[in-house]
Amino acid sequence: MREAKHVAIVGATGAVGIEMLRCLEERDFPVSRLTLLASARSAGKRLEFRGEPVEVQELTHECFAGVEIALFSAGGGISLEYGPSAAAAGAVVIDNSSAFRMDEGVPLVVPEINPEAAAQRPRGIIANPNCTTIITMMALWPLHQAFGLKSVIASSYQAVSGSGAQGIVELESQVQAIVKGEAVESRVYPHQIAFNVIPQVDSFTESGYTKEELKMLNEGRKILGLPDLRVTCTCVRVPVYRSHSVSLTATFDRPVSVAAARAAYAGYAGVQLIDVPETATYPMPLDTTGKDDCLVGRIRLDAVIDNSLALWVVGDQVRKGAALNAVQIAELL
Ligand SMILES: NC(=O)c1ccc[n+]([C@@H]2O[C@H](COP(=O)([O-])OP(=O)(O)OC[C@H]3O[C@@H](n4cnc5c(N)ncnc54)[C@H](OP(=O)(O)O)[C@@H]3O)[C@@H](O)[C@H]2O)c1
């Protein structure tokens, strides 16, 4: 029986924060006390946990007294400003933003892959990886163990809920405007997202890659402990409500086969193989929404690069890409 903990959620009213509440409930996480934190706008609002209303409080530096686990999901600026206060008050911070991910002394953890890393947290902070990276790593980890991963070429198809609730509102309002023949307004994205795809997720860096793409390039190395892993990626926003998809070409040290790749997924917690081309059976975003597992399909030998497999993975980025992964990390403590 695990000891019940005082848990705080920073960003409790957001898309990920609400999902964290659901994951704590569904997984029967032992919570002795729950502190829900958000901006002053939400103070006094009530959210339900295990059938009881819990009042949301305004986030302050002083509100972490007695908190043992602080799940942060309110953006990088908030994590940078308040994460150290929570850690100084004695909480283990599990941070869902990119603020600390690549910092030395902050483990970057996917519980199915590197659970042991969570134990070494000299700053009292554990980072939850980028959502697209988590989903990609879930697909690649069993293959890495079978064949030794060398490089990855990826293209993502990222849902609008990855931009929070406002992404959903933008897609919905644009679809309605187009159906009524009205002008389309874009506030969240640089272009119309309805009936379109946008080859930009987050802002551009001098390298020509976007920040989201750099997360994919860098975070996998840290999670897998492969400093020489080479990754290139194009991240694309698509008019899908929820669940990110990723098309991958992965190159390995050792020879590969489709049968051995399929066998590599057998018995792996958190990944399911859905791959029957004859019956048009493969994973799609509608299949993973609200679900814990990442789904892998379309496995074939890559036609260009030796020792390589082409494959497709889909996962709910609010859940395994964020809230569920954070709660699974909390379960390791
Ligand atoms: N959405 C995803 O798929 C996804 C996936 C992986 C990681 N993430 C990361 O998770 C974090 C949250 O994303 P989200 O999609 O849940 O965003 P969201 O729906 O916009 O929610 C943001 C949350 O942060 C709170 N917040 C904003 N400003 C604040 C302030 N000054 N003080 C205290 N709380 C404040 C908001 O509270 P109010 O309601 O009071 O404004 C809300 O609870 C981000 O770092 C994001 O990058 C998101």
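Tutor: Welcome! Two strands are said to pair if DSSP finds at least two bridges between them. Keep in mind that this is a predicted model.

Student: What makes strand 10 and strand 13 a pair?

Tutor: Strand 10 (residues 244–252) and strand 13 (residues 308–315) are joined by 8 bridges. The cut-off is at least two bridges, so these strands pair. They run antiparallel, and A250 has L309 in strand 13 as its bridge partner.

Student: Why are strand 9 and strand 11 called edge strands?

Tutor: The open sheet has 6 strands in the order 9-8-10-13-12-11, with mixed pairing. Strand 9 (230–237) and strand 11 (271–273) each pair on one side only, which makes them the edge strands. On average, neighbouring strands of this sheet are turned by 20 degrees against each other, direction ignored.

Student: How do you know that helix 2 has close to its expected span?

Tutor: Helix 2 (residues 76–88) has 13 residues and reaches 18 Å from first C-alpha to last. The expected span is 1.5 Å times one less than the number of residues, and for helix 2 that expectation is 18 Å, so the reach is close to it.

Student: Where does helix 2 bend?

Tutor: At Y82, by about 40 degrees, with the proline P84 following within four residues.

Student: What makes Y82 buried?

Tutor: Buried means under 20% relative accessible area. Y82 is classed as buried, so its value falls under that cut-off. S79 and G83 are also among the buried residues of helix 2, and their cover includes strand 5 (69–72) and strand 6 (92–95).

Key
Residues numbered from 1 in each chain as written. Predicted model: local features only at pLDDT ≥ 70, side-chain atom pairs only at ≥ 80, totals over all residues. Heavy atoms only, no water. Axes fitted to C-alpha atoms, helices over the stretch in contact; angles between N-to-C directions. Bend = angle between axes of the 7 residues up to and from the residue. Buried < 20%, exposed > 50% of the residue type's maximum accessible area, 1.4 Å probe, protein only. Contact = heavy atoms within 4.5 Å.
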